Amino acid sequence: MRAAHIKTFRSLIGAVSLSVFTAQVGLAEPKHGIAMYGDPALPPDFVSLPHVNADAPKGGKIIFAEAGSYDSLHPVIRKGSAPWQLRFMLFESLMGRSYDEPFTLYGLLAESVETNDARTWVEYTLREGTQFSDGSPLTIEDVMWSYEVLGTLGHPRYHGAWAKVETMEQTGPRSVKFTFNTEDRELPLILGMRPILKKAQWEGKDFEASGVDVIPIGSSPYVIGDFEPGRYLTLTRNPDYWGKDVPFMQGQANLDEIRFDYYGDGDVTFEAFKAGEATTHRETNLQKWATQFNFPAVQSGDIVLSDIPHQRPTGIMGYVMNTRRPAFSDIRVRDAMIHAFNFEFINQSLNAGAKKRIQSYFHNSVLGMAPGKPAEGLVREMLMGYDDLPDGAVEGYALPVSDGSARNRAGLRRAMELMEEAGWTIQDGMMKNADGQPFTFEILLNTGSSENRQEIDIFADALGRMGITPTITSVDSAQYKERTNAFDFDMAYYWRGLSLSPGNEQHLYWGSESADKEGTRNWMGVKSAAIDGLIDQMLNARGQDEFRAATKALDRVLTAGRYVIPLGYTDLSHIAHVKELKYPDRIPMYGDYLGFQPEIWWYEE
């Protein structure tokens, strides 16, 4: 009896010890999905994503009229100009993103994901039967090779996460484990979204060479069909797609053909749509949407006008100033440009006043700062830990508002005062410094947008009244990409979409390490200890409150830095499309996703 009690006691001690040990080391178990914070919304036995039509018919096609051109089919390297859609529609990743949650991934190529509480490592297990579109098996060898080649030879967007991987090891016939060398709770999600390429296809080939000689092979439902650079590109649905029964893919990839026709600029794409040469058109010019979409096909009902709402941050869209250039290294000069840009007049002239102005990078969301109001609580506490804050980051900053008239006298008067503070004054009718050198700069535009040119022409007129004559240069999309990748511009049109779950991409967008690396997205060239530190605090936040505070603090520093002249936004995507093209009744949290990508649309007579 005594011995039995001792054995039971020892068993209890062992169970308690094992429980304590498990809690200490953060042992994990394979799961069907992973969320940045908390648990995935869908259960392990979900049958489809909530925002798809799981019974959507297969068939039909969609035709996009695209502005610009392309000269490469290799979308995962820095060189060349590849159709942006290929990165998302040709390759698959281990995990797939649900656009009805802030940041949650569910198994796609992988059947499970496993990580510990501290997220210092992650392990993925492939599904059985994964295949490339040519019928060859997709193996762990392909997965591991893809991560290494993208992290070393691929586009710089892949390098940051790879640098944080200490080891990559195969842990089973279908499993791979990554162990990290830093604290970054987002890494298990970021790595889960890397495209998986076929290793054998690239043996003996230069992976970094752009062009159309090699047609990349992926595992997605679509393969590249017919194409001609500069004219068109067709994706066709693979009838033998390996993942047709995967829950994540139900209701997706419904169209048999996705075609992209390329034209010179945005105006031509609209005319192509009106002429019936395209079957869908996304309109960003609100005045045009209100006044020019009453042509006969709309009146007859053959074309449907859809307004699709979204709940994501505005991101930052506007004209970025390159602080690497002497003209814009002074924050007072950048502030002067913001005062000279008459948004209210431009919005009324071009959009019938329908757009709201972007007030900050995370505006229109719970992550955005309160314009003009001082920082409080944890946000203020985080900001006070840094010495290089721009004016307004703590005490409050708001964009100037004009009286809406063409003259914008108050705005230009303040702009002149700021220029004088920075050492620039009117001399002989021109803005010059003490050495008599004129203040001038180049504004780089993409020929694909006529709206940008109209905005800039109004802006240039205002600058002319300040004695400044900018050079306005419009180039095609390939040249635009080449020059902006090399940071070869003074001011350029700029757009960075942001999500409700920002992460590692923030370092790529405006981290110090990205400022001097060509091909990264830190176009403004900012180097800030505050920005770097707040990104790290955001990435390593252990709870929603800490995460939101760090993001709001980051939003304050970015906005108060006056790096971008913000434009306007709308919380609706405006899509015109033929009546046969349908989308689900339930709109996901990222509703604008419906407007850009055709994955969950279908064609129905």
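Student: Leaving aside neighbours within four places in sequence, which residues are in contact with I338?

Tutor: I338 touches M321, Y397, L399, P400, R562, V564 and I565, where contact means heavy atoms within 4.5 Å. The model is predicted, so local features need pLDDT of at least 70 and side-chain atom pairs count only at pLDDT 80 or more, whereas totals for chains, interfaces and linings use all residues. Residues are numbered from 1 along each chain as its sequence is written, and side-chain values use heavy atoms, with hydrogens and water left out.

Student: What makes I338 a buried residue?

Tutor: Its relative accessible area is 1%. Buried means under 20%, exposed over 50%, and partly exposed in between, with a 1.4 Å probe and protein chains only; I338 is therefore buried. This residue belongs to helix 9 (residues 331–340), where helices are DSSP runs of H or I with at least four residues, strands are E runs of at least two, and both are numbered from the N terminus.

Student: Why are helix 9 and helix 12 called roughly antiparallel?

Tutor: Their axes cross at roughly 170 degrees and come within 8 Å, helix 12 being residues 409–421. Axes are lines fitted to C-alpha atoms, for helices over the stretch in contact, and angles run from 0 to 180 degrees between N-to-C directions. Angles under 35 degrees count as roughly parallel, over 145 as roughly antiparallel, 65 to 115 as roughly perpendicular and the rest as oblique. Helix 9 and helix 12 are therefore roughly antiparallel.

Student: Which residues of helix 9 and helix 12 meet, and how do they divide by class?

Tutor: R332, V333, D335, A336, M337, H339 and A340 of helix 9 meet G411, L412, R414, A415, L418, M419 and E421 of helix 12. The contact has eight nonpolar, two polar and four charged residues. Here Ala, Val, Leu, Ile, Met, Phe, Trp, Tyr, Cys and Pro count as nonpolar, Asp, Glu, Lys and Arg as charged, and the others, Gly among them, as polar.

Student: How do you know the relative direction of helix 16 and helix 17?

Tutor: Helix 16 (residues 529–539) and helix 17 (residues 544–560) pack at about 160 degrees, with axes 8 Å apart. That angle makes helix 16 roughly antiparallel to helix 17. The residues of this contact comprise eleven nonpolar, two polar and one charged.

Student: Why is S528 called buried?

Tutor: S528 has a relative accessibility of 5%, so it counts as buried. S528 lies in the loop between helix 15 (505–510) and helix 16. Leaving aside neighbours within four places in sequence, S528 is in contact with D388, S512 and V557.

Student: How do you know whether F487 is buried or exposed?

Tutor: The relative accessibility of F487 is 7%, so F487 counts as buried. F487 is placed in the loop between helix 14 (477–485) and strand 20 (491–496). Its phi is also positive, near 55 degrees, in a residue other than glycine.
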